[in-house]
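Try each task before reading its solution.

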Amino acid sequence: MTANIALKHLETVLNPRRRAEETPVPLGHAGADAVLGGGLKRAALHEVFAPAGHESAATGFAACLAARLAANRSMLWIRQDYCALEFGELAATGLLELGLAPARVLVMRAAQAEDGLRAALEALRCRALGAVVIELCGNPKDLDLTASRRLTLAAEENGVAALMLRFTARIEPGSAQTRWRVRAAPSPDEEENWGQPRIEAELLRNRQGGTGCWVMEWSCDDGIFRDPATDRGAVVSAAGDRPAPAALAKERRTAAA
Amino acid sequence: MVAGRSGNTQLVAALDRKASALGLYVGQPLANARAMVPALRVVAEDAPADAKLLARIADWCDRYTPFVALDPPRGLLLDVSGVGHLFDGEQALLDRIRAELRRQGFAVRGAMASTALAARALARHRDGCVVAPGDESKAVAPLPIEALDLDEPATHAFRRAGLKTIGQAAGRKRAELTARFGSRLVYMIDTALARANAPISPRRPLPDYRAERNFAEPVATEDIIRQTLLALAGALSELLEKRGEGARRLEAVFFRADGIVRRIAVEAGAPLREPNAMVRLFHEKLAALADPLDPGFGFDLIRLCADRIGRAEAEAQQLDSDAGRERELRLLVDRLAARFGRDRILAFHPCDTNIPEHAFALLPAQHAGPAERPWKKLRGAKEAPRRPLRLFARPERLGLLRAVDGRYHMRWRNTQRLLTRIEGPERIAMEWWRSAEPTRDYYRVEDENGRRFWLCRDAQSGQWSVQGGFA
């Protein structure tokens, strides 16, 4: 067992891709990043719950998280047919307006939750993808502890982020790395303009640390979350759309020299 | 005996051997036949079932040649050019087909000749004969004129004229025959005597590439089927590689020992050549079948064909590069499409229209191809999204109320929300060349909880509807 862990560690150190997968992806919101230990783990399962009526806001949060985790790679959005009927179909124009690239989004229409979960497992094994979003309604019986564990394992093994977007669902035990509850947040009264999308994200579970609740604003131009209380767009924060291995390449160059 | 209805009379449609020995004949009125043989057992004709059975026999015949054509009501035409040597000669092939069909309980007559019409005439009158190319006129000439399967008046006219065999008819001057019966008949006689050739059209398009394996003992286990598919895919991919092509659509045909044929097809988004990827697609498809592949007593022939192909350049295996990633993604799309159906795995495609709801389309990812025009953002820098993230396929009606204090409330899905912000209208005129719908005004609204919606007001009727929700 120890040897196994050591081997895994060695692989992490030696393989640049592995290292990229292990580096957490910062959300951009200082408070949340501090609690998350620098950011979200890429190769893991994250759950986003939407309270009734806040489905669009949760969708936006999940899409933005997926875009950050996917880091320029494609994402697969698996959704149950019922979700599209009840809460609306994912719109390419909406993604575009949020600063995401619709050309890098594949959509799968799953008739039932079972199909969606099966497709998600298959997709998580494809390393060419950056993230897989699974949009489910209610608490399907196929989504038990085993299913969620399977998704986690597949995500860990292949370095593909798995995001579960749950509508009208009861929170059940699962193997998710983080679990969020997301609702829309009202725009501030003093602001005259129609502001950037603003949500209230509550971190319910975090396997690596504490929890918390923050109001975040998604900056459509920079592709990153902001804390509306502190940086009111004053300074340009770390660019959100930069490919992750850039820093590593530089490191390798110095090693070679 | 089988009776069928023709117009207002019931006629004898088919007879078994015993009945014909009693002097009954096909085409006889049923009443006459009943008068001759009162103890006649009559079965009603079922033409659709006959056609279905004929199609199944045709399917079964696919194992000998891919070129099988129907010759209704009870004939099949097989083009066996270049097939004979696989079965120890043409006579052996013919005997084998006849014997196998007889074993299945059919009464069979068959013959082989250079043209379809000659073969058909010979099959009716000289069962089991194979005519070498060039000998057709000798073999067909002595056959009675009925062998041509002409219509009733024409046959009758020949008989009246004393022309009883095809040879005699062919001996007349062509101008006379054309004047009396038309050019079609002359063409038919020419074809029967192999002086002209009439093409037959196969039931299915011929595949571009195919590979197959015969089994001495029928196989039924999944392992062997999988291995066979892999071996066949290997053979197919070698053929494809030689010509620099790849398969866009593959079909696996399973011939069951009891004559049932099952076809399973998969599609690929880009020309495909790797045997493993092909087999994986079939594996996905087989796992997702609503009625699983039932081997019954086993399959005695498995065939793999590529019936749609495309150019495929040899590509180096690159890992973790953009091209390699794209390829992997394509394979994933193919697998998902094989399992869940190609209309379930979709990609966004920009559309050239100013109607906001139609600005994009979801197309099957396998066939979508690259977008012809770039995606265009509507919002300026530092602006909020101007289009919703979730869009209702069918806009939902809503009521907009104005309270005494001048604030608006929106009533939708049985709840009433206070609107704190309303922004609009964004007026969009409908494209007059497509539909005559009136101009519409779009509004962005936010309720007291911060939920943002995209509303639409029909300028003519004043009806409000919810189009979608913002993030």
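**Exercise 1. Find the bridge partner of A:L90 in β12(B), then describe the pairing of the strands.**

Step 1. A:L90 has B:R390 as its bridge partner in β12(B). This is a predicted model: local features need pLDDT of at least 70, side-chain atom pairs count only at pLDDT 80 or more, and totals for chains, interfaces and linings use all residues. Residues are numbered from 1 along each chain as its sequence is written, chains are lettered from A and ligands numbered from 1 in the order in which they are written, and side-chain values use heavy atoms, without hydrogens and water.

Step 2. A:E89 is partnered in β12(B) by B:L391.

Step 3. Strands are DSSP E runs of at least two residues and helices are H or I runs of at least four, numbered from the N terminus. Two strands pair if DSSP finds at least two bridges between them.

**Exercise 2. Which strands of chain B pair with β12(B)?**

Step 1. Take β17(B), residues 464-469: the pairing with β12(B) is antiparallel, over five bridges. Here B:L398 stands opposite B:W464.

Step 2. Take β13(B), residues 408-412: the pairing with β12(B) is also antiparallel, over four bridges. B:L401 has B:H409 as its bridge partner.

Step 3. Look at the turn. β12(B) and β13(B) make a hairpin with five residues between them. B:G406, in that turn, has a positive phi of about 90 degrees.

**Exercise 3. How many salt bridges lie between chain B and chain A?**

Step 1. Apply the cut-off: a side-chain nitrogen of Lys or Arg within 4 Å of a carboxyl oxygen of Asp or Glu. The count is six.

Step 2. Check one of them. The side chains of A:D221 and B:R379 meet at 2.9 Å, N to O.
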